[in-house]
Structures are given as structure tokens and as C-alpha cells.
Amino acid sequence: MGAHQPLLALLLLTGCDRPPTGQDDRAHYLSAINAVDGREGLDACVRIQAPRMRGDCLSQVGPAAARQGHFDAAMAACGQSTAKQWVDECRFAVVDTRELIGEAAWALCAKTGRYRPFCTGHAVTRRIAQMDDLPLEVGQEVALAETLQQRIDALNPPLPQLHRQRSIRTGMARHLSDRWADRPFDASLCGAAEPDLCRLAYTESMHGKVLDYPAICAGELTLERIEAMGGKPWTDGSETITLWAWAVLCKPLIHRGGPPPPMSK
């Protein structure tokens, strides 16, 4: 689950779906998200009366405060959301900043309510990224999947099987994406990986990059344009996978009822 845009900024842009709140709440929100000191930001958030705006504020400011070393204060502030869904989301965002693995992660993720599977899944994915002595050569994709499954089963994380499989799949895609770390994506290097995993590996090759997805998705999805805007380029013959990946990435950004952006090689 990625971070969402600050609620107030979206409301000011759209002018719709504004929760009932006064000028004081809006002032507290702006003060919170612009605060340099995380503790001050948390204090401003909890002064907001509107439940949705307070929850969104804490989910935005809580992780920033935790990164500054105010982890306990951020977790406590999350508990001052007036709806459990916001408490859970806030605590998940805060716990995820610790980037823990193993028992330490399981213990903190247990405090994130309905987000516990996602929190634990992120910890499992981080552990997969640290594993060595893996079969990583092209053609060893089946062996890689089997090895990751065995090692995660040995760790026995408190994670439903569906979420465990998702974490293994994401971790495997990130290992595959290392094949294109410093060069264009080449679908032939996916080896025996199924097409959907190859697509995910292309997406993961952009993991950590700050891209303006709305701007990219608003225009024609060509190799030249995507590369110019910071996206991962690809080799001839790989466009079936990459354009499929961009169609998936852009789908949530397409205006409801509108056509998808044009796609070409």
C-alpha cells in the first residue's frame, strides 16, 4: 500500500467531497504537514476535529515524525484517531518506517490491526531482499521460486498463505529486476518466469524512483517519452511486457469513464 496524497491538497484541488470542518481544522492540517519538527506536526494533527481529516493528517505526519526518532510519540498519536480504520492505517505507515524483519517486525505489525498482513508482508519482502546464495541465473526462475518458498516457510511468519505468496512473488520480482539494474529492460532475461511475473519485474526495476505517474499516463506511452520522463527504457521486442506494465500502472489514474491513454512501441 503506497502513501496517498494529503487529503487537504486533494480537496483544495477538486473542490468536492469536502468533509464538514472549519477554518481551524484546515489551519491545523496545513500547520501539521508543513511542520519541520515531527512532534509539533503530531500535536497539530490531534487538534483537528473532523475525523477523516485528523486520520489523514496523522497517517501523513506520523511516518515523518517516526523517521525523526519520534516513533513512540507517533504510535501514540495514531491512537488518537477517532475511527479504527485511521488508527490502523496510521500505525501501519509508522511501523513500516522501521524497515524491520523477523520477530521484531512481527511484534510491531501485530499493532496495525487490519493492516497486519500488509505490514508483515513488507517485512517478509525485506527479508527476501537480504537472502544470499540464491539461484539467480537466467533459466533458474523455477528453482528461485522454490528456494524462496522453502526459506520463508522455515521463518514461518504470522502471515496468511495468500499474503505469504504475494510477498514471495514481489521479492522474486525484485531479484529478477536486478538483471536490468544498469541497462534497458530485456524481456528475454525473464527466462522461464511467467509473463505476469516478468511484467512485475519490469515495474520493480523502477522501485524507489520518484516518477510523475499522472504526467506519464496522460500522454502517449512511447519508449522515447517514458524514458525522457524517467521511466525504465526497454529493448526491441520487449514492448509487449512493458506496455502491459504501464497499462496496469496507469489504470488507477485514468478518469472514470474515459479511454485509456494511447500506447505504442
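Select Cys-190 and Cys-198 to begin. Both Cys-190 and Cys-198 are buried. They are joined by a disulfide, with 2.0 Å from S to S. The torsion about that S-S bond is about 70°, so the link is right-handed. Keep in mind that this is a predicted model.

Next, select Cys-45 and Cys-57. Here too a disulfide joins the pair, S to S 2.0 Å. The link of Cys-45 and Cys-57 is left-handed, with -75° about the S-S bond. Cys-45 and Cys-57 are both buried.

Move on to Cys-78 and Cys-90. Their sulfur atoms sit 1.9 Å apart in a disulfide. Cys-78 belongs to helix 5 (residues 71–78) and Cys-90 to helix 6 (residues 84–96), 12 residues apart. The torsion about the S-S bond is about -65°, so this disulfide is left-handed. Cys-78 is buried at a relative accessible area of 0%. Cys-90 also counts as buried, at 1%.

Show every disulfide. How many are there in the whole structure? A search finds 5. With the bonded cysteines numbered in sequence order, they pair 1-2, 3-4, 5-6, 7-8, 9-10.

Finally, switch to a cartoon of the protein chain. It has 14 helices and 0 strands. Of the 265 residues, 43% are buried. Now show the surface. The accessible surface comes to about 13,900 Å², and carbon and sulfur atoms hold 53% of it.

Conventions
Residues numbered from 1 in each chain as written. Predicted model: local features only at pLDDT ≥ 70, side-chain atom pairs only at ≥ 80, totals over all residues. Heavy atoms only, no water. Helix = DSSP H or I, 4+ residues; strand = E, 2+ residues; numbered from the N terminus. Buried < 20%, exposed > 50% of the residue type's maximum accessible area, 1.4 Å probe, protein only. Areas by Shrake-Rupley, 256 points an atom, 1.4 Å probe, with all protein chains shown as cover. Disulfide = S-S within 2.5 Å.
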